[in-house]
Amino acid sequence: MDTATVERFLEGMRYETERTGPREGFPSLPDIPAGRYTDPAFLSLESQFMWHRSWLYACHVDELPEPGSYLLWKKTGTPILIVRGKDDVIRAFYNTCRHRGGPLVKTACGKVDGLVCGYHGWTYSLDGTLVNLRDKRDFPGLDLSTRSLIGVRCERFYNWVFINEDPAAQPLLQHVHPFFDYFRQFQPECWRLVAQEGFDVNCNVKVLLDAFLEVYHLKSIHQSTVDRFLDHRGTTIALYRNGHSIMVTPNRRPDWQDPGTRGMRRIESATVISSKNNPSFNFYPNLVAPVDPSGVPFLLFWPTSDRSMRIECHWFAPDWGGGAPPELWKTRIANFDRILDEDLQFGPQIQESLMSPGFRGIPLSYQERRIYHWHEELDRRIGRERIPEDLRIKPVLEPFYEKL
Ligand code: FES
Ligand SMILES: [Fe+2]
């Protein structure tokens with residue numbers, strides 16, 4: 001993150017703290033139609049054109065330590081195999097045999113020498129090439145070279161692996177520009193996986209995702225936790241193309257440091273934006289990363305049905321020198337889970353409301369504009385012409401994107 005960007009966020013926090021209304025010229029945001037959270041036809045479009053065509057976080061390279069290490073990834077319903085090749089390249093394929101669809105791997109993770117279908121034994125190398133099949137004499141003329149596993153785009157943001165089912169997707173690092181540059185300050189090559197956890201919640205995935213795009217709720221549901229340390233009035237927001245955004249919230253006291261991070265290794269090259277303030281990145285659509293120089297939870301939001309979702313927290317920290325993560329992490333994660341409980345508490349009740357005639361739509365305030373930005377991008381991905389008119393939202397935020 002260069003000096004000009006650091007200054008832009010610092011100035012932004014000063015401005016936001018003092019302002020008496022929205023920034024001059026900022027439009028009032030039209031209501032978000034309720035059906036975008038409940039209408040089965042809309043949610044089907046969302047699944048087809050957004051969830052199955054976006055760059056989605058899959059894993060950290062620590063989870064694929066050796067050639068042949070694999071993960072079976074099914075977060076969006078489609079079984080996808082992610083495997084480290086003999087050449088150390090991490091690739092992704094549909095876990096679908098080219099013969100009659102048998103699975104190549106059957107467990108969530110493991111290590112293999114090659115990929116052998118459990119049904120009739122077609123054998124693929126780790127780069128997806130079909131190398132052998134049983135009773136070849138009964139497939140006269142079959143050209144093995146045209147029957148490789150079908151690949152899924154798989155690229156890395158530092159040591160974090162993302163996949164995308166859209167073969168024509170923009171390369172990951174172009175897509176998430178300028179986050180690659182912003183993350184360099186944390187020396188992310190040395191970050192390692194600490195722990196993973198997940199929680200199922202009975203609400204549409206956007207209900208909870210919305211909560212992590214704003215700090216308007218701090219004074220109500222985090223009164224005795226986050227709100228004691230963070231000043232939501234000073235939150236500054238940067239909106240980027242492709243739906244990505246950042247918010248940075250100042251501490252109430254400039255010298256405050258989260259007691260949960262004391263004694264942990266900190267990356268000294270981190271800028272004042274994360275060492276003395278609280279940035280939170282949204283990698284569109286579903287990764288929220290509130291990065292601190294001592295560690296970060298990657299918060300991931302996955303739909304499990306139209307009315308249910310799973311939130312996962314994957315914790316990463318600068319290399320602690322080998323072995324199990326330091327004991328301090330247990331307390332830090334437990335403290336975080338307490339805050340997470342506060343965030344999750346209304347999910348099922350809001351879902352009940354969404355399905356009630358009492359819910360008519362969502363009026364968003366200036367400080368909740370990241371949610372509107374998220375929805376604008378959703379319409380872009382689906383294609384506005386495919387969306388029934390009463391469920392579309394009017395694009396108004398592009399003039400307020402960061403100029404890069
Ligand atoms: S389905 Fe894979 S070998 Fe037949
Ligand atoms: Fe919250």
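This is a predicted model: local features need pLDDT of at least 70, side-chain atom pairs count only at pLDDT 80 or more; totals for chains, interfaces and linings use all residues.
**Nonpolar cores**

The largest nonpolar core contains 113 residues, and the members that touch the most others are Phe157, Trp160 and Phe301. Leaving aside residues up to four places away in sequence, Phe157 is in contact with Phe162, Leu172, Leu173, Val176, Phe179, Phe180, Phe183 and Phe283. Another core, of 17 residues, lies apart from the largest one; Leu81, Leu115, Trp122 and Tyr124 are among its members.

**Aromatic pairs**

The structure holds 35 aromatic pairs. One of them joins Tyr57 and Phe162: the ring centres are 5.6 Å apart and the planes stand at 80 degrees, so the pair counts as edge-to-face, for which the angle must be over 60 degrees. This pair connects distant parts of the chain, since Tyr57 belongs to strand β2 (residues 56-60) and Phe162 to strand β11 (residues 160-164), 105 residues apart. Tyr57 and Phe162 are both buried.

**Glu16 and Arg369**

Glu16 lies in helix α1, which spans residues 3-18. Its relative accessibility is 3%, and because buried means under 20%, Glu16 counts as buried. Beyond residues up to four places away in sequence, Glu16 touches Arg23, Arg233, Gly234, Thr235, Thr236, Tyr366 and Arg369.

| Charged residue | Ring | Distance to ring centre |
|---|---|---|
| Arg369 | Phe26 | 5.8 Å |
| Arg369 | Tyr366 | 4.0 Å |

Terms used: Residues are numbered from 1 along each chain as its sequence is written. Chains are lettered from A and ligands numbered from 1 in the order in which they are written. Side-chain values use heavy atoms; hydrogens and water are left out. A nonpolar core is a set of buried Ala, Val, Leu, Ile, Met, Phe, Trp, Tyr and Cys residues joined through side-chain atoms within 4.5 Å. Buried means under 20% relative accessible area, exposed over 50%, partly exposed in between (1.4 Å probe, protein chains only). Contact means heavy atoms within 4.5 Å. Helices (H or I, at least four residues) and strands (E, at least two) are DSSP runs, numbered from the N terminus. Rings of Phe, Tyr and Trp (its six-membered ring) pair if their centres lie within 6.5 Å; planes under 30 degrees apart count as stacked, over 60 as edge-to-face and the rest as tilted. A charge sits over a ring if NZ of Lys or CZ of Arg is within 6 Å of the ring centre and within 35 degrees of the ring normal.
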